[in-house]
Amino acid sequence: MRDLGAIWLPVHNTPPQFRVCIDKDAAASRMQVGEISPETRRLLGHGGVVITGFKDTAALSEAHSMGVFEGDVILKVNSEVVEDLASYKEALETVPEAMFL
């Protein structure tokens, strides 16, 4: 299977993994993320950050239209692996205006 670069994986079940293209400013300023719990990390077998919410209804609506929901786990930003909140923030700094999650 070819590495598509960026993956989302909902925490609550095991659906197919997919990626979306999102504006960098929207991800950095309108989407709230946090660390995944040690239990979730153990269950998934890897790190990442979980989407904990959206700062306004427009951001929520835009995210839902792309299939992105609270509880989804960000595993990569472009081709950069996201292990924790620090690596997510670092990856955001290295991407152009739009990025793949």
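## The core

Seven residues touch the most other members of the 16-residue largest nonpolar core: Met31, Val33, Ile51, Phe54, Ile74, Val77 and Tyr88. A nonpolar core here is a set of buried Ala, Val, Leu, Ile, Met, Phe, Trp, Tyr and Cys residues joined through side-chain atoms within 4.5 Å. Strand E3 (31-35), strand E4 (49-54), helix H3 (57-65) and H4 each put in at least two residues of this core. In soluble globular proteins, nonpolar side chains tend to be buried together.

Take valine 33, which sits in strand E3. Leaving out residues up to four places away in sequence, valine 33 touches Val49, Val50, Ile51, Thr52, Ile74, Leu85 and Tyr88, where contact means heavy atoms within 4.5 Å. Its C-alpha lies 9.0 Å from that of valine 73, 40 residues apart along the chain.

## The model and its fold

This is a predicted model, in which local features need pLDDT of at least 70 and side-chain atom pairs pLDDT 80 or more, while totals for chains, interfaces and linings use all residues. Residues are numbered from 1 along each chain as its sequence is written, and side-chain values use heavy atoms, leaving out hydrogens and water.

The protein has four helices and eight strands, running β-β-α-β-α-β-α-β-β-β-α-β along the sequence. Those are DSSP runs numbered from the N terminus: helices are H or I with at least four residues, strands E with at least two. Of the 101 residues, 40% count as buried; that means under 20% relative accessible area, with exposed over 50% and partly exposed in between (1.4 Å probe, protein chains only). Among contacts with a separation of 6 or more, 58% come from residues 24 or more positions apart.

## Salt bridges

There are three salt bridges, each a side-chain nitrogen of Lys or Arg within 4 Å of a carboxyl oxygen of Asp or Glu. Arg30, Asp56 and Glu62 form a network of them. Arginine 30 pairs with aspartate 56 at 3.4 Å, N to O, linking helix H1 (residues 24-30) to the loop between E4 and H3. Arginine 30 also meets glutamate 62 at 3.4 Å; glutamate 62 is in helix H3, so this pair ties together parts 32 residues apart in sequence.

Arginine 41 and glutamate 83 make another bridge, at 3.5 Å. Arginine 41 is in helix H2 (residues 38-44) and glutamate 83 in the loop between strand E7 (80-81) and H4, so this pair joins parts 42 residues apart.

## Serine 87

Serine 87 lies in helix H4 (residues 85-94). At 19% relative accessible area, serine 87 is buried.
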